[in-house]
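Dear colleague,

Please find below the structure that I am handing over to you. My notes on it follow directly after.

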Amino acid sequence: MSDVVFVLGAGASNEAGAPLMHNFLDVAESLLRSDECGPYDKPSFELVFKGIAALQPLFAKAVADTDNLESVFAAFEMAALFGQLGSLEPKDVRALPAAIKRVIVNTLETTITLQAVTPKGPMPPAPYQRFAGLLEAWKGRRSDGCVLTFNYDLALDYALHFQGIGAKYCLGDDDPASPGIDLLKLHGSLNWTACPEPKCGRVFPVTFERFFKLHSLETPPRLRIDLSQRYIPCPSCGGGMQPLNPEPVIIPPTWSKMEHYPSIAGVWKRAAEHLAQARDIFVFGYSLRETDQFFRYLYALGTISPTRLRRFWVFDVDATGEVEARFRKLLGPLAARRFRYIRNRFGDAINQVSAALSHPDR
């Protein structure tokens with residue numbers, strides 16, 4: 001178990017090209033208007049923006065942030081549960097959650113690009129390459145480190161692959177004794193899918209090792225493991241997803257997470273175990289929105305242990321004081337004394353963290 005835990009939010013992947021929550025839909029709309037979303041995903045893009053238009057009348061009686069991806073995602077999930085959204089046909093309402101997942105996948109895979117091609121393959125986005133280097137340098141000193149991330153994208157996954165470090169997703173198929181870093185993707189991932197066989201239903205990842213046996217990345221290289229275009233046999237039962245069928249396991253970022261719990265219980269349980277043992281917690285680009293009760297309870301319940309916290313450092317570019325205030329409200333008296341808010345970007349913060357971990361008392 002690691003005593004160093006890294007937490008990554010959208011601000012980290014933003015440096016790799018991914019849009020933030022507040023402008024994600026603007027970027028997606030631009031991809032639709034320019035036809036960069038491609039013919040396969042275009043109907044999903046069109047349905048999502050049709051659904052957003054249907055949400056507009058909410059402003060007459062309620063407040064709804066239809067510019068924010070997470071708010072729209074949650075609204076679509078709720079509408080599908082109720083079976084209605086304005087004047088949309090019931091079949092379109094039912095299709096909204098799957099459609100917005102396709103928009104998320106396409107937008108992230110289009111906007112996150114890799115660097116120059118080397119003999120080892122395309123280089124990861126610069127900040128993630130440096131972060132993987134930090135993890136490699138720290139690996140094996142006293143613990144391997146652990147990463148908790150709220151991001152769906154594959155920037156860190158690929159950086160770990162490029163660096164020769166294994167990523168353990170803790171979905172139930174990881175050997176605890178195998179080398180690698182626990183990469184705990186709390187809201188799912190673009191490369192996770194579920195077996196469609198009713199008696200199986202297992203969630204499993206398509207790792208880069210597995211992917212490169214059959215495919216290669218595009219030129220110019222993009223982080224694209226598009227599950228909808230692949231035949232992917234289930235490692236448990238041998239059943240498979242036919243092309244154009246599977247969708248990634250992406251969990252709505254706000255309400256109703258418990259319905260997804262059985263499929264990724266091991267991920268959340270492992271995250272709580274790491275938090276219980278953590279002496280150092282470093283947070284990059286995660287703003288701890290007021291609506292995100294999930295991390296608040298995960299942190300509160302996960303950190304119940306005799307382990308004494310040494311550092312709780314948050315790196316973010318927010319200059320208003322709002323992000324710092326949210327974290328201070330989260331922390332108890334002991335953690336508050338070990339807390340630092342540092343206004344810095346993910347890529348620039350890596351050297352500060354490296355220096356802290358190299359302190360003589362380590």
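This is a predicted model: local features need pLDDT of at least 70, side-chain atom pairs count only at pLDDT 80 or more; totals for chains, interfaces and linings use all residues.

Residues are numbered from 1 along each chain as its sequence is written, and side-chain values use heavy atoms, with hydrogens and water left out.

The secondary structure of the protein chain comprises 13 helices and 15 strands; these are DSSP runs numbered from the N terminus, with helices being H or I of at least four residues and strands E of at least two. Of the 362 residues in the chain, 53% are buried (under 20% relative accessible area, with exposed meaning over 50% and partly exposed in between, for a 1.4 Å probe and protein chains only). Where contacts (heavy atoms within 4.5 Å) join residues at least 6 apart in sequence, 74% of them link residues at least 24 apart.

Two helix pairs involve α5 (residues 90-111). Axes here are lines fitted to C-alpha atoms, for helices over the stretch in contact, and angles run from 0 to 180 degrees between N-to-C directions. Angles under 35 degrees count as roughly parallel, over 145 as roughly antiparallel, 65 to 115 as roughly perpendicular and the rest as oblique.

The axes of α4 and α5 are 7 Å apart, and the helices pack at an angle of about 150°. α4 is therefore roughly antiparallel to α5. On the α4 side the contact includes L69, V72, F73 and F76, and on the α5 side it includes V93, L96, P97 and I100. By class, this contact has 11 nonpolar, no polar and 3 charged residues (Ala, Val, Leu, Ile, Met, Phe, Trp, Tyr, Cys and Pro count as nonpolar, Asp, Glu, Lys and Arg as charged, and the others, Gly among them, as polar).

The axes of α3 and α5 come within 8 Å and cross at roughly 120°, so these two helices are oblique to each other. Among the residues that meet are Y40, F45 and V48 of α3 and A95, L96 and I100 of α5. The contact of α3 with α5 has 9 nonpolar, 4 polar and 4 charged residues.

Helix α7 (residues 155-163) is largely enclosed by the rest of the structure, because 7 of its 9 residues are buried. These are A155, L156, D157, Y158, A159, L160 and F162. G164 follows α7 and has a positive phi, near 80°.

Most residues other than glycine have a negative phi. D35, although not a glycine, has a positive phi of about 65°. D35 is in the loop between α2 (24-33) and α3 and is partly exposed, at a relative accessible area of 48%. C170, also not a glycine, has a positive phi of about 60°. C170 sits in the loop between β5 (167-168) and β6 (181-185) and is buried, at 14% relative accessible area.

Lastly, N68 is located in the loop between α3 (38-55) and α4 (69-82). N68 counts as buried, at 13% relative accessibility. A polar atom of the N68 side chain lies 2.9 Å from the backbone nitrogen of E70. Not counting residues up to four places away in sequence, N68 touches M21, H22 and L25.

Yours sincerely

Conventions
A polar contact is a pair of N or O atoms within 3.5 Å; within protein, one must be able to donate a hydrogen and the other to accept it, and residues adjacent in sequence count only if both atoms are side-chain atoms.
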